[in-house]
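Trainee: I have a structure open and would like to go through it with you. Can we start with the terms and then look at some residues?

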Amino acid sequence: MISLEKRPTPSRAWTYATPFLAVALTVIAGGLMFAALGKDPVAAIRTIFYDALFDPQFAAYSRPQLLVKAGPLILIATGLALGFRAGVWNIGAEGQYIIGALTGAAVGLALYPADTRMIFPLMVIVGALGGWAWAMIPAILKTRFNTNEILVSLLLVYVAENLLASMAVGRLRNPEGGGFPGSRNLSQWDSAANPELIADTGMHWGVVAAFIAVIFAYILLNRHLTGFHIRLAGQAPRAARFAGVEPTRLVVLCLGISGALAGLAGIFEVTGPAGQISIDFNVGYGFTAIIVAFLGRLHPIGIALAGLLMALTYIGGELASFMLGIPAAAIQAFQGMLLFFLLAVDVLTNYRVRLGRREASA
Amino acid sequence: MDLSAISPTLLVASLMVAATPILLAALGELVVEKSGVLNLGVEGMMITGAICGFAVAVETGNPVVGFFAAALGGALLSMIFGVLTQFFLSNQVATGLALTLFGLGLSSLLGQGYVGIKPPSTPRLNLGPLSDLPFVGRVVFGHDWVVYLSLILCVAIWYFLRRTRAGLKLRAVGESHDAAHAMGLKVRAIRLAAIAFGGAMAGLGGAYLSLVRVPQWTEGMTAGAGWIALAIVVFASWRAGRVLVGAYLFGGVTVLQLNLQAAGVALPVEYLSMSPYLITIAVLVVMSARGTRRSLGAPADLGKQFHAVH
């Protein structure tokens with residue numbers, strides 16, 4: 001008989017060990033999945049985790065992609081983690097990401113073809129504001145009407161996707177694009193472009209912003225009273241209320257920050273790697289960031305590492321699909337599995353496993 | 001624009017079809033939440049059911065077998081959630097999200113070879129002279145068996161929750177798992193059973209989308225239906241009868257906006273397409289403004305972890 005005994009405080013050792021254990025278990029389960037698909041599991045895993053970075057033929061292309069993909073994931077996940085810590089569940093980051101990209105791009109395109117580098121920072125600011133405003137909808141509904149923020153923020157993703165479709169074929173469509181959907185190419189317009197800052201590294205302004213966000217989040221959580229309140233509200237809501245923490249303020253703050261960061265990720269993406277507003281420029285970073293946040297233990301530095309790992313599964317997955325014909329959907333399932341294993345092994349952090357019969361006095 | 005092209009008969013008839021997937025999923029989630037478990041993985045279970053049902057129906061040529069497979073697929077997937085939340089004591093919100101993310105990936109993986117195929121059709125039931133009645137015949141008695149199954153299940157679930165001993169036990173577990181445990185009820189077993197039932201219902205709902213309503217398989221075809229089902233449970237204040245009302249209202253909105261699209265209303269298609277989501281949000285706001293979740297009838301231990309010490 002196996003029984004669980006609650007630890008007085010979460011185990012520090014397991015807090016650090018569980019993400020690695022979860023990754024190891026996911027690799028095993030993923031290998032089984034690839035085997036079930038009729039692919040060589042060892043080759044598949046090696047392609048995803050090793051060849052993507054070290055294969056002489058592909059590494060030159062893949063390595064810069066690591067930062068390109070990790071940037072938005074880290075940026076969004078850092079914001080989400082603040083909310084998740086406080087028990088504020090923003091799961092609509094994908095929508096805030098889209099709206100940030102739309103508003104930022106709209107401002108830039110309104111000034112086309114002005115030739116000043118000031119346009120790019122303006123777009124970035126407006127993009128952040130757009131994401132913030134979109135996140136304020138669930139925040140205000142939550143604080144004013146006590147409406148569940150999980151459902152509202154998620155449903156708004158579908159609204160944002162429809163808005164994006166409408167804008168890509170309507171208002172923001174490239175007038176010189178021969179009627180094809182999609183906006184002007186922002187990455188090729190010097191005033192708005194978000195270029196690679198150091199050649200062949202993938203480093204662009206979005207990646208810089210991500211690392212700044214990580215540092216700020218770290219300071220906020222560990223050195224600032226607001227960060228303490230966020231942690232307190234998540235761990236002991238009652239104690240937080242007695243300590244004078246205003247839940248309303250935290251909801252607005254957490255949703256606002258995560259929305260603004262998701263909006264930033266969106267505008268950096270459409271001015272850089274994606275290049276333009278198109279119907280499907282969003283590839284689900286807003287959802288994958290949820291996995292990144294948990295994999296990083298809701299800790300800013302952990303998130304930076306988790307973002308890099310998750311980016312690796314994206315580029316490794318692309319390589320595996322190209323080399324071995326593993327469907328892209330398998331990688332999505334793989335990422336989902338990672339979250340399952342993480343949640344499962346987390347029990348070791350909070351509970352002690354006891355073998356044998358429970359004692360009567362327990 | 002020609003609004004007269006919208007036939008009220010067809011509108012009401014297609015409303016029932018549009019509402020059925022959400023009704024099935026929402027009824028399942030109702031039972032799950034009544035047992036005190038919040039499973040946010042409805043979307044993932046629905047889409048997994050959609051592809052399981054579709055694939056099996058295509059392979060066997062029999063849609064009924066497809067629906068069974070969908071229920072089984074949804075229930076199996078829900079067991080991942082069940083084991084994680086009940087035995088590994090994981091956070092229900094996070095695990096539900098994981099289930100949705102995983103289900104979306106898994107379904108498009110399973111659906112690789114099924115894009116662009118037509119499934120075997122699910123015929124309308126022939127109810128003899130009833131189906132020949134004017135208006136009522138077409139609207140009420142002109143559907144396939146799943147529509148009636150969903151209505152029967154609605155009554156059955158109401159009866160189960162309100163009038164049977166087993167239903168009382170399930171509600172007791174949802175209201176206070178500690179008290180229920182002290183009374184000797186098997187909290188985990190009851191919750192696992194509820195989660196499996198919810199998964200099967202979501203699977204059925206998904207299969208109805210891919211086998212009847214669309215009928216086709218496309219990636220991500222549930223398009224938020226699972227989340228709307230979750231919202232409808234809140235709208236319904238955790239009551240089976242009101243789940244029916246909510247699902248049919250939602251079906252009505254969906255069908256109306258599709259008809260308006262077809263009639264060529266001046267509004268762009270995308271704005272009509274987003275209307276069901278906006279209306280769902282509006283309904284949630286109205287409901288939550290009326291009181292706290294508790295006063296609306298949410299089970300007291302909804303979403304809380306159960307760890308028996310004794």
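Mentor: Terms first, then. A helix here is a DSSP run of H or I with at least four residues, numbered from the N terminus. This is a predicted model.

Trainee: Fine. Where is the place of Ala262(A)?

Mentor: Ala262(A) sits in helix 10 of chain A, which covers residues 247-271.

Trainee: Is Ala262(A) buried or exposed, and why?

Mentor: Ala262(A) is buried, because 36 C-beta neighbours lie inside 10 Å and the cut-off for buried is 20 or more. Leaving out neighbours within four places in sequence, its contacts include Ile76(A), Gly79(A), Tyr97(A) and Gly286(A).

Trainee: How far is Ala262(A) from Pro72(A)?

Mentor: In sequence, 190 residues; in space, 7.7 Å from C-alpha to C-alpha.

Trainee: Ile76(A) came up there. Which residues touch the most other members of the largest nonpolar core?

Mentor: Ile76(A) is one of them, along with Ala293(A), Ile22(B), Ala26(B), Ile232(B) and Val243(B), in a core of 225 residues. Helix 10 of chain B, residues 187-213, gives the most to this core, with 16 residues.

Trainee: And what is Val243(B) in contact with?

Mentor: Beyond four places in sequence, its contacts include Ala26(B) and Ile232(B), as well as Leu23(B), Leu27(B) and Cys154(B).

Trainee: Switching to helix 13 of chain B. Where is the kink?

Mentor: At Ser275(B), about 35 degrees, shortly before the proline Pro276(B). Pro276(B) is among the buried residues of that helix, as are Tyr277(B) and Met287(B).

Trainee: What span should helix 13 have, and what does the model give?

Mentor: Its 21 residues, 269-289, should span 30 Å at 1.5 Å a residue, and the end C-alpha atoms are 31 Å apart, so the two agree.

Trainee: Backbone next. Which peptide bond is cis?

Mentor: There is one joining Tyr112(A) and Pro113(A), with omega about 0 degrees. Pro113(A) is in the loop between helix 4 and helix 5 of chain A.

Trainee: What is the phi of Trp238(B)?

Mentor: Near 60 degrees, a positive value in a residue other than glycine. Trp238(B) is in the loop between helix 11 and helix 12 of chain B.

Trainee: Last one: what are the scores?

Mentor: The model has ipTM 0.87 and pTM 0.89.

Methods
Residues are numbered from 1 along each chain as its sequence is written. Chains are lettered from A and ligands numbered from 1 in the order in which they are written. This is a predicted model: local features need pLDDT of at least 70, side-chain atom pairs count only at pLDDT 80 or more; totals for chains, interfaces and linings use all residues. A nonpolar core is a set of buried Ala, Val, Leu, Ile, Met, Phe, Trp, Tyr and Cys residues joined through C-beta atoms within 7 Å. A residue is buried if 20 or more other C-beta atoms lie within 10 Å of its own, exposed if 12 or fewer, and partly exposed in between; C-beta atoms are placed from the backbone. Helices (H or I, at least four residues) and strands (E, at least two) are DSSP runs, numbered from the N terminus. Two residues are in contact if their C-beta atoms, placed from the backbone, lie within 7 Å. The expected span of a helix is 1.5 Å times one less than its number of residues. The bend at a residue is the angle between axes fitted to the seven residues ending there and the seven starting there.
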